[in-house]
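Good morning, and thank you for coming. Please look at the structure on the screen while I go through a few of its features.

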Amino acid sequence: MGRFLIRRLLQMVPVLLGATFIVFAANFALPGDPVRALGGERTLPPEQHAAIVERYNLEDPLPVQYGKYVAGVVTGDLGESLAVRRGRDVSEVMADAFPITARLALVAFLVEVTIGVSAGIVAGIRRGSFLDTLVKVSTIAVVSIPIFLTALAAQLLFGLRLGWLPIAGTGQGWISYLLPGFVLGSLSLAYVARIMRTSLVETMGADYIRTATAKGLSRSRVIGRHALRNSLIPVVTFLAFDIGALMSGAIVTEGIFNLGGIGGVVFQGIRQQDGPVVVGIVTVLVIIFILANLLVDVLYAVLDPRIRYG
């Protein structure tokens, strides 16, 4: 296992470099002058324009700019914001916004794990029953509805009419994240339930399950000790991928619920051509995504004893 972890960590390096270079190059290729955009309708004096260009290395070729960025990342410097929070370190900008998105993603992740896995297990065990049909129909409905409509309906019902939960801002602590977290995790919840159900149904028809049943083991033990562990493997794979998706895909949810997380910061950075902010946040998200996938590989060996890493 130790050799496997070292090998995977080394494989992270080219993946991280490739992903950040693509984002860096895409930002580099955007039309327009980000320095001129800082002045708005007012044209910046030539000396001020030149000073900003020199400070942010904007006249250097793409490989040189990227090389300087990587050198800064190695030393813990993600650069300075050019427009979104002009003059502030990107790490400081992320320190303000990242905890908000992390809490939102955590609530959404817990929602999809608890409700999605439970619904999938119930549907898989009671295949063809009313509960199975209910899970299939409800998940199709959730997938079919755009996320912004789900958010608006949740605000109207649980916030305005029932008054159970706040509908905007983060002023009430963790309670403020319950409604947006449920909305953000609703789509993934539907996928988790369907994946769990399909995997469990397939596993229940496997030869080793029939053998365990023929030996006289109780149904609860067959399901809990044999079927569920193998059925969880595709679910764990999806959940690991979804961690990064929740962190990076919260722009709409954060906007509707006025949370001010990294989704809104990235959107502002793209609109204002603030390359350091966009690339810095993407770099952190790529690291999170890679580590989540590494964790999945470790969990495979826990869930299925047949899997061994050399």
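Predicted model: local features only at pLDDT ≥ 70, side-chain atom pairs only at ≥ 80, totals over all residues.

The helices α7 and α8 cross in a right-handed manner; a crossing is right-handed if the near helix is turned clockwise from the far one by less than a right angle, and left-handed if anticlockwise. Helices here are DSSP runs (H or I, at least four residues), numbered from the N terminus. On the α7 side, the contact (heavy atoms within 4.5 Å) is made by I147, T150, A151, A154, Q155 and F158, and on the α8 side by L179, V183 and S186. Sorted by class, this contact has six nonpolar, three polar and no charged residues. Ala, Val, Leu, Ile, Met, Phe, Trp, Tyr, Cys and Pro count as nonpolar, Asp, Glu, Lys and Arg as charged, and the others, Gly among them, as polar.

Residues are numbered from 1 along each chain as its sequence is written, and side-chain values use heavy atoms, with hydrogens and water left out.

Next, is Q65 buried or exposed? Q65, in helix α4 (residues 62-74), is buried, with a relative accessible area of 9%; buried means under 20%, exposed over 50%, and partly exposed in between (1.4 Å probe, protein chains only). Leaving aside residues up to four places away in sequence, Q65 touches F24, F28, N57, L58, E59 and D60.

Finally, N258 sits in the loop between α11 (251-256) and α12 (262-271). N258 is exposed, at 56% relative accessibility. Its phi is near 50 degrees, a positive value in a residue other than glycine.

Terms used
Helix = DSSP H or I, 4+ residues; strand = E, 2+ residues; numbered from the N terminus.
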